[in-house]
Amino acid sequence: MDALAGLLDGPRARGAFLLRMVMEPPWSVRIEDGAPLCLMSMTAGEAWIVPAEGAEPVLLRPGDLAIARGPEPYTVADRPGSAPQTRIGPGGTCTTLRGDPLSQSMHLGVRTWGNAPDGAANMLVGTYLLDGEISRRLLDALPALLLLPGGGRSSPLLTLLDNEIARDEPGQSVVLDRLLDLLLIDALRTWFSRPGAEAPAWYRAMGDPVVGQALRLLQNEPAHPWTVAALADRTGVSRAGLARRFTELVGEPPMAYLTGWRLAVAADLLRETDATVEAVARKVGYSQAFAFSTAFKRVRGVGPQDYRNGGGLPDRQQSLPVA
């Protein structure tokens, strides 16, 4: 399992928010949904993405792909100076800035939304609604807004998403979730492979013959009773040598990394499966549920069951219609 696969395999999109936005100028939408990640691409026309905190606006043209990392708000508009007219809140709620609902009045069809059926600007939007804890190390390494220029040409994945997003077939939401995942992975591979890219320490460490092997062992077998000595034996180096090299490249000792990884895996299992706390504890390497609960609460601030019951989940209000 490589770096991206290991960090993206768990928090796959499940019921992600996907739509085609069709707008005619003047238009401006304020995004305040608090979502951890949103992918945007134009299929026609142009749009400006205006980040918070006075950062420079980014122009999005057909074929380009932008990734906005939450939870900070941002604005998407026909031009940087356009005043917001619409607000998107948690869970995809759509209102005026005064709070009047707009979901139905701007509904243009299956997963299609906007102010004009034949608007000049057409944008594909895919939003991850849940903050997948395994990917937190990855998301923290990304800028608040990144742009991957398409050179005027759309990738095959964007073309496929454009073809599928407004279809209403059995299992369509699952198809769209997987397309969104593929698009994200492809974008991140491209981003980290750029000349001079500032990839995070753990990502660079995956290329080290010793530390990379140790990371893969920990990620692939979190329930194994690992020790530094056991890892050193499997990687063919001394215990002291592995501990020193791992800490230098990753930024934390092997057992600290393992604890964080185990609890991240557990966080996803608690929210995305109905496994008991005891079963989750065993799956990530804790022989006793009490020890697992204590460690989980120390790191997350709440116990496993409280976390499962909704801590940190976005509000589920009336959202933009998808059909």
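Arg111 counts as buried, at 11% relative accessibility, where buried means under 20% relative accessible area, exposed over 50% and partly exposed in between, with a 1.4 Å probe and protein chains only. The structure is a predicted model, in which local features need pLDDT of at least 70 and side-chain atom pairs count only at pLDDT 80 or more, while totals for chains, interfaces and linings use all residues. Residues are numbered from 1 along each chain as its sequence is written, and side-chain values use heavy atoms, with hydrogens and water left out.

Arg111 sits in the loop between strand 10 (107–109) and strand 11 (112–114); helices (H or I, at least four residues) and strands (E, at least two) are DSSP runs, numbered from the N terminus. Its phi is near 50°, a positive value in a residue other than glycine. Most residues other than glycine have a negative phi, and most peptide bonds are trans. Two peptide bonds here are cis: one joins Pro25 and Pro26, with omega about -5°, and the other runs from Gly70 to Pro71, with omega near 5°. Pro26 belongs to the loop between strand 1 (17–23) and strand 2 (28–31), and Pro71 to the loop between strand 6 (65–69) and strand 7 (74–77).

Leaving aside neighbours within four places in sequence, Gln172 is in contact (heavy atoms within 4.5 Å) with Arg111, Glu164 and Arg167. Gln172 lies in helix 4 (residues 172–192) and is buried, with a relative accessible area of 4%. Its side chain makes a polar contact with the side chain of Glu164 at 2.8 Å; such a contact is a pair of N or O atoms within 3.5 Å, of which, within protein, one must be able to donate a hydrogen and the other to accept it, and residues adjacent in sequence count only if both atoms are side-chain atoms.

Further along, helix 6 (residues 211–220) is mostly covered, with seven of its ten residues buried, among them Val211, Leu215 and Leu218.

Helix 7 (residues 228–235) and helix 8 (residues 239–250) pack at an angle of about 95°, their axes 8 Å apart; axes are lines fitted to C-alpha atoms, for helices over the stretch in contact, and angles run from 0 to 180 degrees between N-to-C directions. Their contact involves Val228, Ala229, Leu231, Ala232 and Thr235 of helix 7, together with Arg239, Leu242 and Ala243 of helix 8.

As for confidence, pLDDT (the predictor's confidence in each residue, from 0 to 100) averages 86 over the chain, and 89% of the residues score at least 70.
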